[in-house]
Amino acid sequence: MKLTGAEILCESLTRLGVREIFGYPGGAILPVYDALGKSKLHHVLVRHEQGATHMADGYARASGGIGVAMATSGPGATNMVTGIATAMLDSSPVVCITGQVSSKVLGSDAFQEIDITGITMPITKHNVVVTKAEDIARTMREAFLIANSGRPGPVLVDITKDAQQASAEFNWEASAPKLPAKRQRKNHDQTEFDRAVEMLNTAKRPIILAGHGIMVSGAMRAFEQFVRAANSPVAMTLLGIGCFPANDPMNLGMMGMHGEAWVNNAIQEADLLIAVGMRFDDRVTGDLRTYAKSARKIHVEIDRAEINKNVQVDAALVGDAREVLERLTPHVQTCDHSDWIRHVAELKGDSAVRDIQSLPDNGHLYAAHVINDIWKETRGEAIVVTDVGQHQMWEAQYYHHNRPRTLITSGGLGTMGFALPAAIGAKFAKPDSEVWVVVGDGGFQMTMSELATIVQEKINIKIAIINNGFLGMVRQWQEFFYDKRYVATPLVAPDFAALANAFGIRGERITKRAEVVPTIRSARESAETVLIDFRVEQEDSVYPMVAAGASLSDMIRRPNDPLVETATEP
Amino acid sequence: MQTLVAYVENKPGVLNRVSSLARRLAINIDSLTVGPTENETIARMTIVAHTDERGAHRLEASLEKLVDVLLAENISTRALLERDLALIKVSADQQNRPHLMELIKVFRARVVDVAPESLIIEVSGTVDKIDGLLEVLRPFGVLEMARTGRISMTRGGDLLQPPAPESANSELESTGSSVK
């Protein structure tokens, strides 16, 4: 069967199981759009190509499958860069398709020509230029294979316009992936394995560090069995949240820069850390010289390049988390760690006293209250998509996730503007799930044009803007480390409720704590998107905090009476 | 200094991916040589990098994550044969020419071009040997020099061969694009 390259692309995507494509048309990708119109694929028209990549990313993270974004050459492609980097840093399987100028004029600085494979080389798992129609089917199969195998990541396929227009024989069976024959390393090392087992069975104060890799590997059940066998408390990375139920008594919560004090203290006192599918990010470890000094370390990780990168470990078990844990668990002798577990519980009791939720209601609205109320009202079952900053950390602290893939957030790159488009992608992946956006007033203004996409696609998500009139996390750093010199952090915002109305979306503004729950309830009852502008305390800070580069033991704690410090009349 | 050998796909852009990776990891490359192997679709690289064992591990493991890199191996601690080749153009007049020829003989180098005012000397061997020759030639006036950079091979039965083709894809497909 002879098809054009554009038709081959659409046919290949359909056969690869794609339903939605997030994209934006333009000259060099027009043949594909023409073919899209005749295919069964649903194209979601975004308002900016960065939004397309975040939507594909949100789709991938909510579903575990692959998200697809599309753009034209030149500026369309360069607008994708931030979204691709976001997916790269968080190991998210996204396939980006860009149009390219005709192969005959490649390298001539033709209109809207840019070397997008050169630009994205360090931020993709792989990228490739296709100049022939007959290579498109095989290349797409290879792209999908690469994106979601091993440690997932984004793949960019740049297709010249003449390749889209030319005709070629379409034969799916004959277009099987032909990737280079790589050496398969034998990952299992019996000496390392035996050493890990010995450490596990002799530890007195173990802590398991649970990361994103558990979700990627689909190792939730294997992980739970491992936790039971090891009888050890579990600390979560930001991206690991959801891979182990928050309501499990062994789950301590998030560790690191804004981890709860008891979690970080427990890590510092531990004699064994078992890190699973995480990469000892600097936000997790703080100062490496003082990090968990009395602990031996086991690292379960699929990516060899992560072993001993930041933290020197005593045993490295390289491989897929589920496979490694399933092999490891039968060798674990369940030990009595009740003294240790009781000690950690005591640490928790001390910290909980400082918790903002325990403070009396004085009529002021705190972000933590809002997020905690969203958690209660949604019974912790919503998919929450956050942006980056204070609200992101409060979400991690006050929304308790019991199921995997229900917190979607930009961890590694920390991309402001991620939340709204990623939530749209997540809603397409999980149309029957309740999706909440938790976003700051700063980040929201970066990609708020995607409100129009919501309206055009008639989707139903709930948007909670945590509006404090500041770029809050930067302001917090200025408060702590720059003598409260608030340079370029106070920011003007539009009336978000009125803005929503202008897009045809219901908007609400909330200033009092008593209004929070009724508004959340009424938003949830609506079958359409609702935006709520929560005007929260302006100069509240996220506690505890480990300053960048400081020791994990050295936490800045919430002052005992924060209301005196921060309260202002609304 | 760490020595790595990599087998890569012999196609455009692969050298860029390898060097771009070293740059991203902030590892300075002392020398990088690349040439085709007996199989023309596969090229072999010898990478000599200014880094420690830990950096070399990171480079090796990161290289192997590149789709076009078939194999990467840090061979620094193994029994190695290493060779560098240099062409050195040195000024030579009637008076000092005999002295130069003496030195060339001592270093087992060869004269490959003779001109009235200069000679081109070809020398191969370890980096130390070439550096040594260069040192003694300097007083005569080194006009130009071209060096290949190091190529390395493990000695004896310690083989480092590219993987056989068609081994990888079947294995990858099973863990591929399926929704997890």
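Predicted model: local features only at pLDDT ≥ 70, side-chain atom pairs only at ≥ 80, totals over all residues.
Which residue stands opposite Leu87(B) in E7(B)?

**View 1. The three domains of chain A, with the contact of domain 2 and domain 3.** The domain assignment divides chain A into domain 1, covering 2–175, domain 2, covering 190–349, and domain 3, covering 357–542. Between domain 2 of chain A and domain 3 of chain A the C-alpha centres are 30 Å apart, and the contact draws 13 residues from domain 2 of chain A and 14 residues from domain 3 of chain A. On the side of domain 2 of chain A that touches domain 3 of chain A, the residues by class are nine nonpolar, three polar and one charged.

**View 2. Strand E2 of chain A and its parallel partners.** Strand E2 of chain A, residues 20–23, pairs in the parallel sense with strand E3 of chain A, residues 42–45, over four bridges, and within this pairing Phe22(A) stands opposite Val44(A) of E3(A). On the way from E2(A) to E3(A) the chain passes through helix H2 of chain A, residues 30–37, and this β-α-β crossover is right-handed. E2(A) is also joined by two bridges to strand E4 of chain A, residues 67–71, and these strands run parallel; here the bridge partner of Gly23(A) is Met70(A) in E4(A).

**View 3. Helix H1 of chain A packed against helix H7 of chain A.** Helix H1, residues 5–15, and helix H7, residues 136–147, both of chain A, pack with their axes 9 Å apart and at an angle of about 35 degrees, in a crossing that is right-handed. From H1(A) the residues Gly5(A), Ile8(A), Leu9(A), Ser12(A) and Leu13(A) take part, and they meet Ile136(A), Ala137(A), Met140(A) and Arg141(A) of H7(A). By class, the residues of this contact of H1(A) with H7(A) are six nonpolar, two polar and one charged.

**View 4. An open sheet of six strands in chain A, from E11 to E14.** The strands of this open sheet in chain A follow the order E11-E10-E9-E12-E13-E14, and their pairing is parallel. Strand E11 (251–254) and strand E14 (315–318) of chain A are at the edges and have a single partner strand each, so one side of each is left without a neighbour in the sheet. From one strand to the next, the twist averages 15 degrees. Strand E9 of chain A, residues 206–210, is joined in parallel by three bridges to strand E10 of chain A, residues 234–236, with Val234(A) in E10(A) as the bridge partner of Ile208(A). Helix H9 of chain A, residues 190–202, packs on this sheet and touches strand E12 (272–276), strand E13 (296–301) and E14 of chain A, its direction making about 120 degrees with that of E14(A).

**View 5. A further open sheet of six strands in chain A, from E16 to E19.** In this sheet of chain A the order is E16-E15-E17-E18-E20-E19, again with parallel pairing. Strand E16 (407–408) and strand E19 (506–510) of chain A stand at its edges, and because each has a single partner strand, one side of each lacks a neighbour in the sheet. E19(A) pairs in the parallel sense with strand E20 of chain A, residues 530–535, over five bridges, and Glu508(A) stands opposite Ile532(A) in E20(A). Helix H16 of chain A, residues 367–377, lies across strand E17 (435–440), strand E18 (462–467) and E20 of chain A, and runs at about 165 degrees to E18(A). Helix H17 of chain A, residues 390–398, lies across strand E15 (383–386), E17 and E18 of chain A, and runs at about 135 degrees to E17(A).

**View 6. The two domains of chain B.** Chain B is divided into domain 1, 2–78, and domain 2, 81–151, whose C-alpha centres lie 29 Å apart. Five residues of domain 1 of chain B are in contact with four residues of domain 2 of chain B. On the side of domain 1 of chain B that touches domain 2 of chain B, strand E2 (28–36) and strand E3 (42–50) of chain B are the elements giving two or more residues, and the largest share, three residues, comes from E2(B).

**View 7. Antiparallel strands of chain B around E7.** Strand E5 of chain B, residues 80–91, and strand E7 of chain B, residues 118–125, pair in the antiparallel sense over eight bridges, and the residue opposite Leu87(B) in E7(B) is Glu122(B). Strand E6 of chain B, residues 110–114, is joined to E7(B) by four bridges and runs antiparallel to E7(B), with Asp113(B) opposite Ile120(B) of E7(B). E6(B) and E7(B) form a hairpin, with three residues between them.

Notes. Residues numbered from 1 in each chain as written. Chains lettered and ligands numbered in written order. Pairing = 2+ DSSP bridges. Right-handed = clockwise from strand over helix to strand, strands pointing away. Domains from an automatic or database assignment. Contact = placed C-beta atoms within 7 Å. Nonpolar A, V, L, I, M, F, W, Y, C, P; charged D, E, K, R; others polar. Axes fitted to C-alpha atoms, helices over the stretch in contact; angles between N-to-C directions. Left-handed = near helix turned anticlockwise from the far one by under 90°.
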